[in-house]
Amino acid sequence: MWHAKQRVIANLYGDWEKSFELLPCYINSLKESNPGTVVHIVNKETDSPNVKQFDSVFWAFGPSIKGFPHCSPLITLDGTRLYG
């Protein structure tokens, strides 16, 4: 069942390895089309120095970074009770 599920996921969304290989190209496209974009990729350490294991990626678009100082300060509270 697990193998069948993996095949269905691969058919719907593509192969994980191929998607990971496309990530640097996608990141470069983001940077080229949005000047000032900041990208941070985190890889986990493995036993082999030649192998990288992807953990996460963060990016902030350059126009958003540039416009952030012009935003009005805003404080939001949800339904959580405040004590103290």
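Which side chains meet in a salt bridge (3.9 Å, N to O)? Those of Lys44 and Asp55 do. A salt bridge here is a side-chain nitrogen of Lys or Arg within 4 Å of a carboxyl oxygen of Asp or Glu. The structure holds 1 salt bridge. Lys44 lies in strand β1 (residues 38-44) and Asp55 in strand β2 (residues 53-60), so the pair ties together parts 11 residues apart in sequence. Strands (E, at least two residues) and helices (H or I, at least four) are DSSP runs, numbered from the N terminus.

This is a predicted model, where local features need pLDDT of at least 70, side-chain atom pairs count only at pLDDT 80 or more, and totals for chains, interfaces and linings use all residues. Residues are numbered from 1 along each chain as its sequence is written, and side-chain values use heavy atoms, with hydrogens and water left out.

Now the rings. The structure has 3 aromatic pairs. In one of them, the ring centres of Tyr26 and Trp59 lie 5.9 Å apart with planes at 70°, so the pair is edge-to-face. Tyr26 sits in helix α2 (residues 16-33) and Trp59 in strand β2, 33 residues apart. Ring pairs link Tyr26, Trp59 and Phe61 into a cluster. Rings of Phe, Tyr and Trp (its six-membered ring) pair if their centres lie within 6.5 Å; planes under 30 degrees apart count as stacked, over 60 as edge-to-face and the rest as tilted.
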